[in-house]
Amino acid sequence: MLPSFDRLNKMLTQERRLGYQNKAILGGIEKLAPNWAKDALEEATSDEERQFIEEIRQDLIRYPDIDPDARPHFLHQILVKLHKAEEKGLPAEPDDSPEPVDPPDAGADNGRRAASPTFRRAATPIQRPAPKPTEPRPQRPQPKRGRTQQDSSNLGLDAPVTRLPGIKEAMAKRLARLGVHTVGDFLRLYPRRYDDYRSLKPINQLEYGEDVTIIAQIWETRQLETRSKRVMIKSLLSDGTANIEVTWFNQPWLVDKLKVGKQIVISGTVDQYLGRLTFNSPDWEELDTETIHTGRLVPVYPLTEGVTAKWLRGRTKSAIDYWSDRLPDHLPDDTRERLKLLTLTEAINQIHFPDSWESLEAARRRLAFDELLMIQLGVLRQRQKWQAQQGYPIPVQPEALEQLLSALPFALTAAQRKVLDDIVADLRRDVPMSRLLQGDVGSGKTVVALAAMVLTALDGGQAAILAPTEILAEQHHKSMGKLLVDIGPALGREFSVRLLTGSTSAGDRRQMLEELAAGSIDILVGTHAIIQEDVALNNLRLAIIDEQHRFGVKQRAALRDKGMNPHMLVMTATPIPRTLALTLYGDLDLSVIDEMPPGRQPIKTRWLTPRERERAYSFIRSQIEQGRQAYIICPLVEESEKTEAKSAVEEHQRLSKQVFPRLTLGLLHGRMKADEKESVMRSFRDRETQILVSTSVVEVGIDVPNSTVMLVEGANRFGLAQLHQFRGRVGRGEHASYCLLLADKLSPEAEERLRAVEQTTDGFELAETDLKMRGPGEFFGTRQSGLPDLKLVKLTDTRLLELARKEAVIIFEKDEMLELPQHRLLAKQLAEFWARTTDLS
């Protein structure tokens, strides 16, 4: 449809909504006819178009003379003519250039409220048909003359954003904070939500608080100054039914843009001032441009300082307009058609600027399927590659296994024994073990890992366990050493277990390297220090990674390379729902310890408000008087001007002087040197300090059975998994334990998180809740290395997940190396997808 036809369609639709009173245009519809016809004739390219335009002009002139009762039918006939003209295919102007955008400041929404309203479905939406996979995309109207076109013809998707017009280094740095580094990143920066501005209403029917769109003419625009010296722009708008005042703040350039007489589209939330309805800082666009900020489902993108919503939306639209039609679709046609998925072009267009909720969901389904398919193809290839390697079996003798278990000072739980049996079965095979062991905090993963290492040593092999922190490595070394005191005599031999960290002295390290190379060390426990180049093991047969999500692909490969295809066990205390674990860790066999050892005390969790802080302090005092110890967790190391969150350093000083002056408090945070951390932890373990003030460095692995209280400051600032890990630091002894969550500020999401932690201690149940709240993208995203960043997959996508798994198997069985012509684009996409992440094992 020609732009002039589209503009007329909107005006006539407005007239229909106003009750056919000839008030959509000041002076009446007949006043519109000459100017509209003039613009339309300039756009016309054929005699057929010119004749049609003249017919419409005559109809518009006749409109005021039509009997009011007959106007609905008459207007309907005009709209039908316009619709038929579109169907008939009157030529539209070319759309080779992207929609241009205003300068970064133009139309910015600096004055908008910090929290946008939750969208509501429009009661009377502007109907936009949902695209079908086989439909061609409709032509867009040519942007208004005189606006600068963006030339992208010589750019690739991997070109830096600075190659785009109007984006300099300073803006590129801001965009980088949003993950936008290249032209292609604009296409992958998906909206976080959508505002529904499809409800088009006349001004006299507006209601306070509703999200709505109006079409109106500017009667007046003034620039004022508030008492606080803020620039305020006020425009008076009218649509023939009533007037309304619209206000923008700190946007002085709008005086030149909002000219008297101009027809504009306004979308926003109806506000009120002194009893009169108003709009405050709404989005607006000229009537004769394609709407991307108003009158539709408007995408809302994540923002950062210096990047406004309107500017980012415009830039994204430009990239989509130029590139979406040029994107090669990596999904084979037969797959896409069989699964009834949109084309990639349609999906990219509809995920950013959807025509309806239905088309949005169809786009999300296609792009989420792509993410899941890439993961499945990747893990299938990884699993096959690993299983094709020659492994070296460890012939575990049943008698030795029973003797080992009998020597332990406690009996394994049924869940621990089942997992150990799985591991033993893997060790006996000539295919290298590749197993993921999940177990909640305190479920007893370490003793299972130790049993596997002892069995490896009995066959003459060496075992190594890689931990993410020195504190955790030291704890493993200490606990394993204690257990080996009993295990060694029962099995008739001694086991040498050594600790290698960055704090190991040069002399001790040199001696340890000689012993490792000679094979006289059975079990090596350590941090990144054990994967340095000069560390050589004589016969590494079993490699274990603890808290695997904290290590990237290079660290895992470096440990694996210390032996000849050693058996590999990776452990995590982050519970993952089984369906999702099988998808994301499809290259690993999965074991779960879902039972806690007997004697673990249930931990009582309470969510407190800041006003109850003194009660929490009193409770801690009472516990310490009974001989117990406590943790106090702070979100920050040091104070920051940008946040009110408690900092460990300042809080330690305040608590020591003002709250607990008679007690000894320790301080632990990530910026301390390793020997300082060890000294602080040793003092806490030895009960020299009663309270440990710490940052989240205590999240994993610290084991002090005498500690019974965990107080988390700023609990609203931590995720569910972190809060659950903190709670796991207490309740490790014989005494009743408590977790107190103090929230400084509460959003609805934070409130839901805290309530979930308060109500259950089941890590798997909390993992389900966490995934439902945040989605796999955040839960498994870049915050945890080793997993791809899932942007659109939902936890509820189990059907889609199964579909992707089956499709990956079909493709893999047909063309394992993806060398067939129909799979070449898929192979390229797979390589690019995994290049942005790391492996899973």
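Predicted model: local features only at pLDDT ≥ 70, side-chain atom pairs only at ≥ 80, totals over all residues.
Local features need pLDDT of at least 70 and side-chain atom pairs 80 or more, whereas totals for chains, interfaces and linings use all residues. Residues are numbered from 1 along each chain as its sequence is written, and side-chain values use heavy atoms, without hydrogens and water.

The side chain of Glu470 makes a polar contact with that of Ser503 at 2.8 Å (N or O atoms within 3.5 Å, one able to donate a hydrogen and the other to accept it; residues adjacent in sequence count only if both atoms are side-chain atoms). Beyond four places in sequence, Glu470 is in contact with Thr501, Gly502, Ser503, Thr527 and Ala674 (heavy atoms within 4.5 Å).

Glu470 lies in helix α15, residues 470–491 (helices are DSSP runs of H or I, at least four residues; strands are runs of E, at least two; both numbered from the N terminus). An open sheet of seven strands has the order β11-β12-β10-β13-β14-β9-β15, with parallel pairing (at least two DSSP bridges between two strands). Strands β10 (462–466) and β12 (523–526) pair over four bridges. Helix α15 packs on this sheet and touches β10, β11 and β12. Its direction makes about 170 degrees with that of β11 (axes are lines fitted to C-alpha atoms, for helices over the stretch in contact; angles run from 0 to 180 degrees between N-to-C directions).
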